[in-house]
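Here is a short report on one protein chain.

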Amino acid sequence: MQPDDKQASRLDILTAAANLFSELGYNGPSFAAVANAACHSKALVQYHFPSKEQLWKSAVQHLWQQRDQALPQYLDEQFLSQLDEQAQNQMIRQLCRGLIRFTADNPQWVKIMYLEASNPGPRLEWMVEEFFQQDFAAGSAMVELAQQRHLLPEADPMSMLFILGGMVIHYVNVAPITRQVTGIDPLTDQQIDHYVDNFLRILQRP
């Protein structure tokens with residue numbers, strides 16, 4: 001197997017595993033199920049990932065890497081400090097838009113996060129060490145910078161971060177209901193912009 005083929009097959013397996021772990025939890029999918037979903041052999045899955053724990057961790061890392069690639073400028077504290085004034089003025093709006101779009105297109109990362117948070121254990125501890133501590137630190141730094149720019153109201157930065165995160169996740173979670181009730185697709189770029197602009201207008205009122 002050529003290096004490019006190995007990389008492609010590994011990506012297929014990670015994508016399939018992330019989908020299955022997000023729907024069935026850690027214990028649900030078997031190697032055979034992942035192989036079937038990825039359209040590869042079970043032997044190839046185990047060649048890339050000898051243990052289920054390694055497969056799960058690699059799938060979760062893959063999801064967070066995708067998220068970071070979609071929002072790199074808002075997940076790096078050093079980058080935040082270097083933003084020019086115009087970029088700072090738009091960062092909250094762009095972050096909310098980008099997170100809604102990414103979560104709508106990749107709901108697996110939120111589903112896995114909720115599944116592990118509902119049953120704390122070694123996997124959640126690993127996620128905290130690997131992702132959440134950095135996410136919380138970067139998110140708080142972003143909120144504090146936005147508050148300094150008067151883009152967000154003065155409040156505890158962590159509480160404000162939870163409010164922003166809830167705004168994103170709830171909007172995506174109820175999108176199927178909204179679509180059926182109103183006949184409007186809330187996940188078009190136009191509707192996302194409309195929602196984010198209205199949300200920030202509420203937050204930024206004197």
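## A buried loop proline

Pro-186 counts as buried, because its relative accessibility is 3% and the cut-off for buried is under 20%. The model is a predicted one. Pro-186 sits in a loop, the one that runs between helix H10 (175-182) and helix H11 (189-203).

What does Pro-186 touch, not counting residues up to four places away in sequence? The partners are Tyr-171, Ala-175, Thr-178, Arg-179, Gln-191 and Ile-192. Pro-176 is 10 residues from Pro-186 along the chain, and their C-alpha atoms are separated by 8.5 Å.

Ala-175 belongs to helix H10. Is Ala-175 buried or exposed? It counts as buried, because its relative accessibility is 1%.

Ala-175 and Pro-186 are 11 residues apart in sequence. In space, their C-alpha atoms are 6.0 Å apart. With residues up to four places away left out, Ala-175 touches Pro-186 and Leu-187.

## Overall fold

The protein has 11 helices and zero strands. Along the sequence, the pattern reads α-α-α-α-α-α-α-α-α-α-α.

The protein has 206 residues, and buried residues make up 42% of them. Take the contacts between residues at least 6 apart in sequence: 63% of these join residues at least 24 apart.

## H8 against H9

Two packed helices are described by the angle between their axes and by the distance between those axes. For H8 and H9, the angle is about 100 degrees and the axes are 9 Å apart. H8 is therefore roughly perpendicular to H9, because angles of 65 to 115 degrees fall in that class.

Which residues make the contact between H8 and H9? From H8 come Phe-136, Gly-139, Ser-140, Met-142, Val-143, Glu-144 and Gln-147. From H9 come Pro-157, Met-158, Met-160, Leu-161, Phe-162 and Leu-164. By class, the contact residues are nine nonpolar, three polar and one charged.

## The largest pocket

The largest pocket has a volume of about 610 Å³. Its lining counts 24 residues. Nearest its centre lie Trp-109, Asp-135, Phe-136, Leu-161 and Gly-165.

Which elements give two or more residues to this lining? They are helix H6 (85-105), helix H7 (108-117), helix H8 (122-148) and helix H9 (157-173). H9 supplies the largest share, with seven residues.

Phe-136 and Leu-161 take part in the contact of H8 with H9. Both are also among the lining residues that lie nearest the centre of the largest pocket.

Gln-90 is found in helix H6. Its relative accessible area is 33%, so Gln-90 is partly exposed. Gln-90 and Leu-151 are 61 residues apart along the chain. Their C-alpha atoms are separated by 8.8 Å.

Lys-111 is found in helix H7. Its relative accessible area is 34%, so Lys-111 is partly exposed. What does Lys-111 contact, leaving aside neighbours within four places in sequence? Ser-22 and Glu-23 are the contacts. Lys-111 and Ala-18 are 93 residues apart in sequence, yet 9.9 Å apart in space, C-alpha to C-alpha.

Cys-39 is not a glycine, but it has a positive phi of about 60 degrees. Cys-39 lies in the loop between helix H2 (31-38) and helix H3 (42-48).

Is Cys-39 buried or exposed? Cys-39 is exposed, because its relative accessible area is 70% and the cut-off for exposed is over 50%. Pro-186 is also in a loop, between H10 and H11, but Pro-186 counts as buried at 3% relative accessibility.

Note on methods
Residues numbered from 1 in each chain as written. Predicted model: local features only at pLDDT ≥ 70, side-chain atom pairs only at ≥ 80, totals over all residues. Heavy atoms only, no water. 1 Å grid on protein atoms, 1.4 Å probe; cavity = no way out; pocket = protein on both sides within 12 Å on 5 of 7 lines; lining within 4 Å. Points joined across faces, edges and corners; volume = space filled by probe spheres on them. Helix = DSSP H or I, 4+ residues; strand = E, 2+ residues; numbered from the N terminus. Axes fitted to C-alpha atoms, helices over the stretch in contact; angles between N-to-C directions. Parallel < 35°, antiparallel > 145°, perpendicular 65-115°, else oblique. Contact = heavy atoms within 4.5 Å. Nonpolar A, V, L, I, M, F, W, Y, C, P; charged D, E, K, R; others polar. Buried < 20%, exposed > 50% of the residue type's maximum accessible area, 1.4 Å probe, protein only.
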